[in-house]
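Biologist: Can we go through this one together? I'd like to hear what stands behind each label.

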Amino acid sequence: MFTILLSSILLSSGTVAKPDTLKPYGALPTERQLKWQEMETYCLIHYTPTTFQNKEWGYGDAQPALFNPSAFNANQIAKAAADGGFRGLISVAKHHDGFCLWPTKTTSYSIASSPWKNGKGDMVKEFMEATHRNGMKFGVYLSAWDRHDEHYGTPAYANAYRQQLTELMSNYGPLFTSWHDGANGGDGYYGGHEGKRIIDRTTYYEWHEKTWPIVRKLQPNAVIFSDIGPDMRWVGNEHGFAAETSWATFTPIGLNGKVAVPGATESHNAESGDRNGKYWIPAECDVPQRPGWFYHEEQNSRVKTPNQLFEIYLKSVGRGASMNLGLAPMPSGTLHENDVKSLKAFGKKIKETFRTNLAKGATITASNTRNADTKTYATSLITDNDRYSYWATDDTKTSATLEIKLKSAATFDLIQLRENIKLGQRIDSVVVEQWADNTWKPLARATSIGANRLIKLEQPTTTTRLRLHIYAPVAITLSDFGLFKEYNESFAFDTKELKKQTGFKLQTTGTTDKAYITDGNPNTFATVDDQGVLVIETNGATSGIGFLPRQDKKTSGIPTKYRISTSVDGKKWTSVKEGEFSNIKANPILQQVFFETSNNTKFIKFEPTQFIEGNELTIAELELYGK
Ligand code: FUL
């Protein structure tokens with residue numbers, strides 16, 4: 001506010017302007033949120049004993065001896081992120097398996113009990129140093145759910161969790177974020193015993209009363225992430241997409257009228273936020289670079305390409321959110337070459353795409369400009385590269401038109417709009433027209449501008465003149481307008497694809513729309529009511545199956561645990577694998593399971609043993625892998 005007043009009083013010409021009366025609108029970002037919003041992209045590293053178990057969620061049963069990377073190199077990982085243009089790195093200091101990557105005083109289930117560096121190492125510290133060395137900001141993720149701790153579910157663990165948070169907030173330099181996920185409570189290996197611990201999520205962690213105050217006190221500049229904020233909210237999916245209309249303001253709704261806490265909210269508008277929401281809680285889009293958050297060798301060919309990452313960038317950063325990309329080092333302790341290659345090419349793509357703003361130097365004429373005589377809010381500020389300087393209208397003008405005459409004809413396929421969010425999220429919508437064939441033609445439209453809005457055109461267009469019609473409930477402000485052309489370069493991985501088996505048969509009866517299981521269309525699914533058991537007659541040697549859950553965002557019939565059995569004759573069965581589809585609810589991707597079969601194995605049985613909800617298996621696609 002102070003800077004706004006100052007800039008309106010001291011003008012370059014030396015004249016004194018009328019005192020500024022432009023009032024901010026609605027909920028406003030805090031200083032720490034502004035700094036976070038400027039970062040736009042950062043990465044999240046999942047690397048714990050779970051990596052060595054080839055799982056997505058560790059069960060809490062891994063022996064610390066397993067954690068023994070042969071070539072851990074934090075710098076290789078941090079450099080790859082920096083080459084991708086990312087501005088921060090978050091270390092998963094403890095995932096759900098409970099293993100701490102720093103020598104905590106709270107438990108012996110940590111790096112101190114591992115053979116790595118003879119138990120003298122501190123991986124969180126190594127990540128922090130490498131992050132800083134590569135010019136990025138550092139943050140930590142501390143899972144509240146702990147599938148190992150014997151006291152999980154009692155106040156003793158909640159206190160230990162806060163002690164762990166205190167250690168992380170105290171000893172790892174300035175942090176830009178403290179990241180808290182909402183997955184907690186359930187099966188585990190608590191204190192060395194299999195069991196289930198259910199907690200009351202609304203009260204157990206005392207987030208507001210005791211836990212988050214630790215972050216505020218020790219790291220006042222760190223933004224706190226969870227599914228409900230308080231500083232940025234989970235976008236509600238793990239594809240990395242915010243809704244096309246995504247407001248930075250949001251009103252989290254707690255269960256039964258209680259204060260909202262992570263993992264316990266009424267269904268809410270996480271993807272879109274709430275227009276005029278009570279708080280400034282923009283979305284963060286978290287998405288793994290590979291299908292899963294942890295490294296799985298069989299996913300080497302499914303690393304997201306630069307174009308896929310660019311689409312995520314447009315649908316996260318380009319919708320006022322941030323992009324948090326999951327990196328998964330291999331057991332050896334470095335990123336696979338495919339991941340490194342894709343990050344680098346993505347970094348280049350972003351740099352080249354946004355290198356030249358084709359609107360720079362344009363003549364912009366507004367239907368109305370606030371304090372026009374003083375030039376305080378001149379339209380030239382829209383193309384000056386400063387995300388906080390802006391053009392504004394009088395208070396009475398809640399719709400306005402800007403005509404933009406480019407220096408010369410430009411070809412572009414991306415339009416960028418930005419508001420100065422220090423004044424709140426003001427703009428409701430924008431309509432863009434272009435001058436073509438001697439008339440104004442509609443080109444694009446957008447709602448919810450906020451910190452950054454990128455509109456991707458179906459195809460490039462060429463013009464010399466554009467017109468923007470802008471609508472808001474209060475005086476309009478616009479900080480930036482840009483025109484860009486997406487940069488493209490050919491890209492390929494050297495990959496070994498899995499051999500898919502064709503011609504296998506589904507023996508299961510009692511299945512609705514059985515054909516959907518093998519129709520290659522992820523958007524159709526079948527329901528298996530034979531107690532959910534799928535029997536497959538193979539067509540040759542088999543090494544594993546791929547199970548794609550339904551993709552319609554519903555969870556009925558999605559298994560969280562399974563058993564696989566094989567048979568030579570379809571009568572006598574041998575159980576060959578049992579396991580869990582961890583994280584399938586938040587991230588319903590293709591689940592691949594590999595197992596041993598003998599040469600004369602002819603039948604495979606897939607039995608779900610636990611569901612998210614319902615008791616009839618639903619399945620979108622089934623794949624069988626050859627040997
Ligand atoms: C989720 C976890 O359950 C996933 O394993 C992963 O860590 C993701 C970033 O957050 O809540």
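**Asn587 and the rest of the chain**

Modeller: Let's start with a polar contact: a polar atom of the Asn587 side chain lies 3.0 Å from the backbone oxygen of Pro291. Bear in mind that this is a predicted model, where local features need pLDDT of at least 70, side-chain atom pairs count only at pLDDT 80 or more, and totals for chains, interfaces and linings use all residues. Residues are numbered from 1 along each chain as its sequence is written, and side-chain values use heavy atoms, with hydrogens and water left out.

Biologist: What makes the pair of Asn587 and Pro291 a polar contact?

Modeller: The term means a pair of N or O atoms within 3.5 Å; within protein, one must be able to donate a hydrogen and the other to accept it, and residues adjacent in sequence count only if both atoms are side-chain atoms. The distance here is 3.0 Å, so it falls within the 3.5 Å cut-off.

Biologist: Which residues does Asn587 touch, leaving aside neighbours within four places in sequence?

Modeller: Glu238, Pro288, Pro291 and Trp293 are in contact with Asn587, where contact means heavy atoms within 4.5 Å.

Biologist: Why is Asn587 called buried?

Modeller: Buried means under 20% relative accessible area, exposed over 50%, and partly exposed in between (1.4 Å probe, protein chains only). Asn587 has 5%, so it counts as buried. It sits in the loop between strand E27 (574-580) and strand E28 (591-594); strands (E, at least two residues) and helices (H or I, at least four) are DSSP runs, numbered from the N terminus.

Biologist: Asn438 and Ser448 both have positive phi without being glycines. Is each of them buried or exposed?

Modeller: Asn438, with phi of about 60 degrees, has 66% relative accessibility, so it is exposed. Ser448, with phi of about 45 degrees, has 1%, so it is buried. Asn438 is in the loop between strand E16 (429-436) and strand E17 (439-447), while Ser448 is in the loop between E17 and strand E18 (453-471).
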